[in-house]
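Visitor: I would like to go through this model by question and answer. Please show it before we start.

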Amino acid sequence: MALFEAHHLSKRFGDRIVLEDITLQFERGQLSGIMGPNGAGKSTCFNVLTGHFPPDRGKVILDGEDITGLSPRQIAQKGIARSFQTINLFDEFTALENVLLALPRVRSLGFNMIRDVAGDPSTVARALAVLEQVGLGARADLRASSLSYGDRRALEIAVALAAHPRVLFLDEPTQGMGADGRNRLRELISQLKLYFTIVMIEHDMEFLFSLADKVSVIHWGQVIAQGTPEELQRDSWVRRSTLGVSQHA
Amino acid sequence: MALTNPVTTARANPGSRGQAWVTKPMLVTLVLLGTFPYWGPRVGLYSYLGVEVVIWMIYGLGFNLLLGYTGLPSFGHGAFFGVGAYAYGLCYLGVTPSPLLALLSAGLAGGLAAGMVGCFIAHRRGIYFALMTIACGQVFWFVSMKWRSVTGGEDGLLNVHRAVLGIGPIKASLRDNTALFYFVVALLAVSLVFLWRLVHSPFGKALQAIRMNETRAKFVGYNVWLTKWAVFAISGAFAGISGGLLAMAQESAYPEVMSVHGSGFIVMATLIGGGMVSFWGPVIGALVFIVARDLLGTLTETWLLWYGLLFMAVVLFQPEGIAGAWQSAAKFFRRRAKNSANESAAAGVRGELPREARDGSV
């Protein structure tokens with residue numbers, strides 16, 4: 001059984017149908033990709049899967065447990081972490097504080113008003129290890145707002161990793177990054193694959209195909225194809241609808 | 001890039017990065033206040049003024065949990081200050097003359113009132129949150145004006161005499177302003193330590209996280225609604241205790257403190273002091289507000305006009321308040337000292353004489 005499943009998800013905003021009968025399965029230990037053209041419904045799909053919006057119909061199952069309609073907080077506590085298309089950090093906190101706050105051990109002390117967050121060396125050590133994992137160990141004490149764009153992207157991933165997620169959702173992690181940044185990120189995600197089940201939306205097909213074990217293609221709010229990167233590259237329908245390849249090519 | 005699993009791996013012990021329970025600024029503040037009865041009169045101040053300053057410091061520190069730390073602007077906080085004042089008066093007059101128990105009831109009443117209001121507004125933020133606090137504040141003010149049998153209406157509660165403080169065998173009369181001053185300074189010390197711990201605790205960090213990015217806080221797994229509700233209630237409890245202290249100090253409780261402009265004073269004091277950027281903002285702001293009220297009030301009846309103009313000037317030219325100006329100045333001097341040290345080091349490497357020696361000033 002897949003670790004994470006979505007069955008027949010539908011979502012509409014007003015009279016606009018954004019997702020229609022979407023069924024997806026993400027296998028444990030794999031990196032699953034979601035691709036599709038702009039406006040296809042990829043980000044809405046992510047938002048429904050991670051609890052930002054409840055689906056109008058359908059079910060979301062995590063490891064056999066129905067988590068449909070749970071709030072983002074409850075879903076985060078079930079072990080699902082995500083990054084955002086537009087960078088979403090606690091800008092006035094340092095990189096270390098951003099990660100500390102996301103550690104389950106700190107989160108579980110949410111209403112403790114006496115204990116100092118940074119006073120426990122083992123907690124700080126754990127947060128520093130996560131930062132080192134994404135290459136930000138040396139910049140732990142810099143404010144998130146003062147980091148470079150690429151480092152902020154890496155910090156987003158670190159915040160998601162800090163929760164030790166059962167499933168890590170990455171929403172267009174390469175957005176706005178140059179070639180060097182993409183290469184560093186590729187290396188990081190290929191390493192993370194060893195430890196986490198990852199679901200990634202990505203526009204950059206070359207980037208996604210180089211990392212994903214399986215890719216689902218969403219278009220007009222529906223899953224139009226699923227398969228390995230090699231299978232999808234051979235699929236002429238997918239090539240036309242998502243890769244911009246003309247019918248005569 | 002060598003990868004290790006962060007779940008099973010942690011860096012070698014990095015040492016504690018925690019904050020001390022008692023800090024130097026805390027000690028300096030308490031020493032300055034503790035010696036105030038000796039130096040205050042020499043600069044034209046008096047003990048009762050000190051009492052009000054310290055009460056407003058406690059009020060401002062509690063209020064700043066909401067405004068500065070959580071980013072929730074409450075323009076109706078005078079309601080909880082007033083509820084605390086009435087609770088103190090009613091407890092003193094009808095239940096017990098013990099100042100500590102009456103203060104406890106003031107804090108509970110303030111916290112309870114804020115908790116009730118929080119149930120309706122904790123899901124809001126920004127302008128909607130602010131408007132709802134004004135509306136709720138007006139409800140409390142209206143009730144205090146009209147519920148004459150309990151609150152005394154416009155006349156307020158009178159004869160709330162300062163009582164004898166008793167802790168075990170120790171008894172101390174609070175009739176004297178100096179004794180009352182030391183009592184409120186002791187409460188300020190407790191408040192400072194507690195709030196300093198709170199803002200560095202997981203709860204305090206969650207408050208700041210909510211201010212910076214509520215969406216991210218939800219996705220990291222924090223209960224944003226409950227956290228906002230809880231901080232509103234805690235802040236209300238501090239307002240209640242402060243109101244109780246003012247009722248004790250003034251030996252009465254009036255509805256005036258619950259009015260819209262009564263609520264506005266704490267906002268202005270906190271912002272002028274620099275509560276948006278510093279823990280110490282409300283402490284500075286309370287000092288400036290009460291002293292300005294006293295000094296300007298002796299010069300002109302229109303002191304509030306001048307204070308309002310000061311507030312506008314601060315918002316326009318130094319929105320981070322006095323604490324922000326202090327931080328900027330400190331940063332400037334640190335950078336200058338660092339640059340000058342670097343220059344000296346570079347000159348040393350080149351084998352040049354220090355600038356003073358070249359200028360012949362040494």
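Visitor: In which hand, left-handed or right-handed, does H5(B) pass H6(B)?
Guide: This is a predicted model, in which local features need pLDDT of at least 70, side-chain atom pairs count only at pLDDT 80 or more, and totals for chains, interfaces and linings use all residues. Residues are numbered from 1 along each chain as its sequence is written, with chains lettered from A and ligands numbered from 1 in the order in which they are written. A crossing is left-handed if the near helix is turned anticlockwise from the far one by less than a right angle, and right-handed if clockwise. For H5(B) and H6(B) the crossing is right-handed.

Visitor: Why are H5(B) and H6(B) described as oblique to each other?
Guide: The axes of H5 (residues 99-121) and H6 (residues 126-146) of chain B come within 11 Å. Angles run from 0 to 180 degrees between N-to-C directions, and axes are lines fitted to C-alpha atoms, for helices over the stretch in contact. Angles under 35 degrees count as roughly parallel, over 145 as roughly antiparallel, 65 to 115 as roughly perpendicular and the rest as oblique. H5(B) and H6(B) are therefore oblique, with a crossing angle of roughly 140 degrees.

Visitor: Which element gives the most to the side of chain A that touches chain B?
Guide: Residues are in contact if their C-beta atoms, placed from the backbone, lie within 7 Å. In these terms 46 residues of chain A are in contact with 36 residues of chain B. Helices (H or I, at least four residues) and strands (E, at least two) are DSSP runs, numbered from the N terminus. With ten residues, the element that gives the most is H5(A).

Visitor: Which residue stands opposite A:Ser216?
Guide: Five bridges join E9(A), residues 214-219, to E10(A), and the two run antiparallel. The residue of E10(A) opposite A:Ser216 is A:Gln226.

Visitor: What share of the residues in chain B is buried?
Guide: A residue is buried if 20 or more other C-beta atoms lie within 10 Å of its own, exposed if 12 or fewer, and partly exposed in between, with C-beta atoms placed from the backbone. Chain B has 16 helices and two strands. Of its 362 residues, the buried share is 46%.

Terms used
Two residues are in contact if their C-beta atoms, placed from the backbone, lie within 7 Å. Two strands pair if DSSP finds at least two bridges between them.
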